[in-house]
Amino acid sequence: MMTINFAFLALDAIINHAAKIHYMFDGQFTVPLVIRAASGWGNQATATHSHTPEPIFAHFPGLYVACPATPSDAYGMLKASIRNDNPILFTESIALYPKPGPVTEDPDFVLPIGKGDIKREGKHVTLISYARGVEWSLAAAKELAKDGVEAEVVDLRWLRPLDLDLVFESFKKTNRAVIVEESLPMYSFGSEIAAQIQDHCFDYMDAPIKRVSAMDVPLPFAREIELMALPNVQKVLDAVEEIL
Amino acid sequence: MANPNKETLLEWYRQMVLIRLFETRCDELYQEKKITGVYMHLYSGHEATGVGALAALRPDDNVITAYRDHGIALAKGVHPNPIMAEMMGRKDGVSGGKGGSMHIASKEHRMWGGYAIVGGHLPLAAGIAFASKYKDTDEVTICFIGDGASNNGYFHEAVNISGAWKLPIVWIIENNLVAMGTRVEDSTAQPLLHLRAEGYGIKDGGRIDGQDVMAVHDAVSDAVAYARKNGPVLIESLTYRYKGHGVSDKSYDKRFADELEEWKQNRDPITLFERVLEGKYKNIGPELKRIHDACAQAVDESVEFALNSPEPTYDDLIRNVYVD
Ligand SMILES: Cc1ncc(C[n+]2csc(CCOP(=O)(O)OP(=O)(O)O)c2C)c(N)n1
């Protein structure tokens with residue numbers, strides 16, 4: 001798919017059909033489908049062309065959602081997706097396309113489905129993210145390190161299956177978390193993760209869980225106000241400062 | 001057949017030249033980074049279709065189109081100043097700088113907008129036409145459609161319902177032979193797109209020469225008269241775009257170089273119309289030149305206006321998400 005914005009025209013096919021057929025017919029059919037879609041805002045693409053709607057798809061059982069943050073992850077996760085018999089939405093952050101990184105030549109390099117990754121180890125605060133949010137989180141962690149704050153960056157890689165164990169493990173170590181997402185704030189990745197943490201790690205919480213996301217508005221064309229509406233490294237730093 | 005007088009013909013000429021100069025300037029402003037972003041789709045090459053078709057409408061008739069919309073807005077009478085301000089994302093733009101190039105609308109002019117999701121505006125067009133009928137007005141709606149858009153599901157649903165409900169609408173497919181880089185014959189087994197009318201039980205307005213403003217006006221005038229009384233018409237207007245799909249399309253000029261050159265040399269709508277005017281009226285040259293200069297000045301003024309308009313602010317960012 002050229003961009004994920006156009007997936008809305010195919011939502012019925014994806015959600016009502018691809019995601020349901022295996023269950024509805026009690027396993028008689030499989031839908032071994034991988035839908036690749038470029039995702040994300042930027043460069044004044046305006047309200048209809050600036051979506052990062054991965055969480056909408058992750059809402060529905062029956063569909064897996066892959067959101068890699070590095071070229072190597074993209075390679076291993078795409079291999080895994082193609083070899084898997086479930087329908088999988090595989091999103092690729094437009095903003096990450098021009099950022100190179102090492103990729104193995106091994107044709108059997110396959111990353112496990114639903115397993116996240118610690119992209120940077122730390123002990124004072126956990127930054128939980130996926131796709132482009134990982135980039136902001138890593139940049140923020142680098143800044144924080146200058147002040148002696150060691151942030152752990154958890155890259156979930158998959159919105160479904162969701163690697164909650166990895167989140168809980170990190171949180172139990174740091175006792176604080178900021179969730180960083182490119183997408184909208186309501187009914188979001190951030191809402192889900194925050195709810196899961198308070199449920200499973202209540203005794204480990206030293207501060208409220210913070211979320212950094214896009215503002216709750218459609219994206220406008222004009223550059224200045226578009227940037228105001230979007231997450232960035234500074235917003236991550238501000239959120240960390242609030243809970244340290 | 002309509003027989004427009006000299007004043008009318010010169011007005012069409014003015015509009016076509018204004019669109020060409022406006023679009024050419026937008027292209028330059030993009031290179032100069034005064035217009036920014038990733039999307040801007042120019043109407044250059046299509047002028048005769050937009051101008052000839054909209055000349056068949058009354059001011060209270062409606063028009064709606066896709067993202068290739070600046071020329072349509074100009075032809076519907078929207079002033080170049082607020083269009084240019086929109087191109088630059090300024091507060092005095094038609095959409096307050098929030099819509100940009102792909103979302104030029106002016107309610108006052110019954111220009112319902114440019115829309116960026118391919119085919120997305122077709123159901124809106126059917127809805128506008130439905131409202132005209134429901135409210136017992138005799139307004140007509142023209143909906144411009146790309147050849148590519150004619151293959152998307154929205155097209156079938158909207159055109160079908162327009163036929164079932166006999167809506168007062170003229171569907172005009174602007175067939176410029178290519179959708180981004182995909183040629184019509186590679187996406188469509190029946191490349192005569194107007195033949196689809198029969199499948200929806202609506203009037204087939206035929207395939208017309210979209211570079212001949214007089215021919216476009218004739219055909220669309222008949223279609224509008226028919227739509228006002230009886231129901232929908234589908235017209236296919238054969239045209240050509242002079243620039244890449246949008247500003248990010250860098251390969252078009254090379255890929256289609258020969259064809260492009262051929263259309264520019266032999267089928268340029270403005271040159272063709274100049275010839276008609278020169279044949280019809282002796283020594284019209286200086287008058288055409290005056291019109292051209294006035295358009296150039298209007299474009300200059302629009303740039304000045306846009307550059308002097310403020311940027312939208314935080315208040316604009318959060319305004320109009322909902323009706324207050
Ligand atoms: C639903 C959807 N799919 C894909 C796109 C990307 N896209 C934008 S314009 C375009 C080509 C449309 O071509 P056509 O309808 O012929 O109009 P033209 O650009 O030639 O005026 C495509 C594929 C989109 N905007 N919306």
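A: Start with the domains. Domain bounds come from an automatic or database domain assignment. This is a predicted model. Chain A is divided into domain 1 (4–96) and domain 2 (117–243).

Q: How far apart do the C-alpha centres of domain 1 and domain 2 of chain A lie?
A: They lie 22 Å apart. The two domains also touch. Domain 1 of chain A gives 24 residues to the contact, and domain 2 of chain A gives 22 residues.

Q: Which elements of domain 1 of chain A each supply at least two residues of the side that touches domain 2 of chain A?
A: Two helices and two strands do: helix 3 (54–58), helix 4 (71–83), strand 2 (64–66) and strand 3 (88–93) of chain A. By class, that side of domain 1 of chain A has 15 nonpolar, seven polar and two charged residues.

Q: Next, the sheet. How do strands pair?
A: Strands of a sheet pair through backbone hydrogen bonds, either parallel or antiparallel. Here, chain A has an open sheet of five strands, with mixed pairing. Read the order as 4-6-5-8-9. Strand 4 (117–120) and strand 9 (210–212) of chain A are the edge strands, each pairing on one side only. From one strand to the next, the twist averages 25°.

Q: How many bridges join strand 5 of chain A to strand 6 of chain A?
A: Five. Strand 5 (residues 125–129) and strand 6 (residues 151–155) of chain A run parallel. To find your place, look for S129(A): opposite it stands D155(A), in strand 6 of chain A.

Q: Which strands of chain A does helix 9 lie across?
A: Helix 9 (residues 233–243) of chain A lies across strand 5, strand 6, strand 8 (177–180) and strand 9 of chain A. It runs at about 175° to strand 9 of chain A.

Q: Now the chains. How is the size of an interface often given?
A: Often as the accessible area lost when the parts come together. Here we can count residues instead. In this model, 17 residues of chain A are in contact with 22 residues of chain B. The side of chain A that touches chain B divides into ten nonpolar, five polar and two charged residues.

Q: Last, the ligand. Why is the site shared between chains?
A: Residues from chains A and B surround the ligand, so the site is shared. There are 15 residues around the ligand. Those that come nearest are V118(B), G146(B), G148(B), A149(B) and A179(B). By class, the shell around the ligand has nine nonpolar, four polar and two charged residues.

How values were computed: Residues numbered from 1 in each chain as written. Chains lettered and ligands numbered in written order. Predicted model: local features only at pLDDT ≥ 70, side-chain atom pairs only at ≥ 80, totals over all residues. Pairing = 2+ DSSP bridges. Helix = DSSP H or I, 4+ residues; strand = E, 2+ residues; numbered from the N terminus. Axes fitted to C-alpha atoms, helices over the stretch in contact; angles between N-to-C directions. Contact = placed C-beta atoms within 7 Å. Nonpolar A, V, L, I, M, F, W, Y, C, P; charged D, E, K, R; others polar. Near = placed C-beta within 6 Å.
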